[in-house]
Every structure is written in C-alpha cells, then in structure tokens.
Amino acid sequence: MTKVSEDIILRFINNNCSEEELQLVKQWIDGSDDNARQIFGMEKTAMLAENLRADESQRERVWNLVNHKIEEDNRHKKRLRRMRIYKWSAAAAILAGVFLCSVFLFRQPDVEMVNVVAENGRMSVTLPDSTKVWLNRYASISYPATFADNSRKVSINGEAYFEVTKDKARPFTVEGKWLSVTVLGTKFNFNSSNHNENTVSLLEGSVEVTANKSDDGIVLSPGQKVEFNPNNGQMLVEQTNTALDAVWHDRLIHFHNATISEIVADIEKLYQVDITIKNSVDMMRTFSGATVYYQSVDSTLNALCETLPLQFSRNGNNIIISSK
C-alpha cells in the first residue's frame with residue numbers, strides 16, 4: 001500500500017480531510033506491522049511535539065493499541081480494525097506531530113558562539129545584553145552572539161568580574177568548571193579553575209551559587225564569598241571584604257569611611273604582608289576614596305601615602321606606617 005502523503009496527515013490534524021482520506025490513513029496503519037512499528041518507534045519523538053499531540057488519554061490508548069497490534073494474532077488485528085475512527089485519528093495526529101516536530105527541529109539554525117581569551121593580560125568584554133565582563137589574564141569566556149528570549153547563559157574558565165545588566169525576564173547564568181551562578185542584575189567576581197581556586201564573591205545584588213553536580217544552591221548577600229572544594233564537594237560561605245577579590249579588574253582599591261587600620265588590613269590581605277602602624281597615626285579618622293593597585297606593595301603604599309597623611313618605611317621585611 002502506498003504511504004500516506006504528508007498533506008493528508010496535515011489535513012488530519014486540521015480536521016479538513018475527506019472521508020476517503022481518513023480511510024487511507026487508517027488502512028495504511030492497518031496494512032502492516034511495520035507501519036504500526038513506525039508509530040511505536042516514533043512515540044518518544046512525538047512527545048516533543050507538545051502542542052500538536054493528542055490529549056493524554058488518547059495517547060495512552062494509541063500506545064496500547066499499537067503494542068497489541070504487534071503482539072496479537074490476526075483475530076485481534078481484525079478486531080482492531082473495527083475500533084472507532086477517532087483512535088486512528090489520534091494515531092495520525094501523533095504521526096503528523098512527529099513529522100512537524102522533526103521539520104521544526106531540523107530547521108533550527110545553529111547558535112553562533114563567541115569565544116574570547118585574555119591571552120595578553122586583563123581585558124574587558126561587552127555581552128549582547130550590555131553586561132560588562134572583565135577577564136583576568138588567561139581567562140576565557142564563551143557566549144552566544146544573541147541571547148535567547150528567556151535566558152542568558154555564558155561559560156567561563158579562569159577568573160572574571162561581572163557587572164550584569166538587569167533583566168527580570170531573562171536570568172543570567174554563568175557556568176564554570178565546578179560552580180554555576182544565577183543572577184538577575186548584580187556585580188560579582190567568579191574565579192573558576194580545574195583545581196583548587198573556585199570562588200564567587202558578591203559585591204552588589206544577589207546571586208545563587210550551585211555546585212554543578214547538585215540541585216541545592218546557596219544564595220549570597222553583598223559582602224559574602226563562597227569557596228568550593230572540588231575534593232569533597234563542599235561549599236563554605238564567609239563574610240569578607242569581597243571588593244578585594246575584584247581589585248584586579250579596575251586596578252583600584254576602594255575604601256569608604258574606613259579607618260587607617262581598616263585600609264592597612266586590606267593591603268595586608270591583598271599582598272599577604274604584615275604592616276605595623278605607629279602610635280602617632282590618628283586611628284579614629286576615616287577616609288573615602290581609592291588608591292591604585294600595583295603589583296608590588298611598595299608601589300601601592302607610595303600611591304596611598306600621596307593621598308593620605310601617611311608615610312611608610314621598611315626594615316627588612318617589616319613595613320611600618322607612620323603619620324607625616
């Protein structure tokens with residue numbers, strides 16, 4: 001028997017086919033076990049055509065119908081042919097749904113991806129939604145040339161700082177080696193590597209951090225940092241000056257209403273050094289502003305002392321801060 005044309009199948013869906021065409025589809029399905037097996041094998045694909053398939057009760061009846069057709073003898077097959085035509089219409093609907101869904105899937109264009117690597121040092125990237133990303137040296141980012149209508153997803157390797165454009169309709173997701181971060185609009189630092197250093201530091205807004213092999217996430221507040229240990233799969237959250245984790249992106253150490261001891265503590269943390277503050281320094285006075293972040297602590301202290309009433313000296317590895 002000649003296979004039913006796609007035009008007839010489409011008319012089945014729209015209830016526009018003639019009685020003769022209805023009988024053609026029914027006879028084609030009845031014609032051989034192979035035809036029935038085709039419907040059977042297409043069941044999973046048919047479920048993708050969510051808007052085209054029959055309702056659940058119809059689909060279940062068709063599923064059982066096809067199974068019985070394959071397994072039962074000719075007597076049952078004859079009985080099957082006498083069943084009401086609406087069951088065959090449901091089968092045709094599934095078959096047509098498979099066809100239309102397949103056409104839709106195969107016609108989907110490939111998503112154009114953009115890959116950027118900071119090979120020569122720190123660099124910035126502007127994403128399609130105007131989100132700003134700074135990549136630390138050797139870090140990389142991959143993102144679509146155009147974001148989808150319902151989400152914004154990128155992936156990184158290495159360290160990156162994000163200033164995400166707010167868009168409540170499209171959550172922004174960053175996927176790293178071990179962690180994923182989901183936000184609507186915020187500022188955060190994400191350090192993702194294959195080994196030990198996997199941290200997310202939140203400066204503004206709110207983010208949810210999830211280990212890639214877990215369904216449970218941790219929601220961070222500004223000033224919180226989560227560190228993931230890939231060896232045991234544990235996430236540890238701490239309250240800290242998260243801005244220090246992001247100083248590399250703009251080369252500035254920011255401070256707001258901070259005392260000298262608080263500013264010095266930040267420099268000690270950044271450079272892993274010990275600094276002594278002499279008693280002559282006014283420890284109650286506060287300062288707001290920023291100083292340049294250099295590779296060496298001496299250069300940074302020189303810049304700091306140009307803006308604050310301070311001076312520093314060295315005695316071997318000992319750094320001493322005193323008032324001018």
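Colleague: Among contacts in the chain between residues at least 6 apart in sequence, what share joins residues at least 24 apart?

Modeller: In this predicted model, that share is 46%.

Colleague: Why is the pair Glu204 and Lys187 called a salt bridge?

Modeller: The closest N and O atoms of Glu204 and Lys187 are 3.6 Å apart. The criterion asks for a Lys or Arg side-chain nitrogen within 4 Å of a carboxyl oxygen of Asp or Glu, so the pair qualifies. Glu204 belongs to strand 9 and Lys187 to strand 8, 17 residues apart.

Colleague: What makes Glu204 count as partly exposed?

Modeller: Its relative accessibility is 42%. Partly exposed covers what lies between the buried limit of under 20% and the exposed limit of over 50%, therefore the label applies. Lys187, with a relative accessible area of 26%, is likewise partly exposed.

Colleague: Why is the pair Asp245 and Lys225 said to tie together parts of the chain?

Modeller: The two form a salt bridge, with the closest N and O atoms 3.5 Å apart. Asp245 sits in the loop between strand 13 and helix 8, whereas Lys225 is in strand 12, so the bridge joins parts that are 20 residues apart in sequence.

Colleague: Are Asp245 and Lys225 buried or exposed?

Modeller: Both are buried, which means that each has under 20% relative accessible area.

Notes
Residues numbered from 1 in each chain as written. Predicted model: local features only at pLDDT ≥ 70, side-chain atom pairs only at ≥ 80, totals over all residues. Heavy atoms only, no water. Contact = heavy atoms within 4.5 Å. Helix = DSSP H or I, 4+ residues; strand = E, 2+ residues; numbered from the N terminus. Buried < 20%, exposed > 50% of the residue type's maximum accessible area, 1.4 Å probe, protein only.
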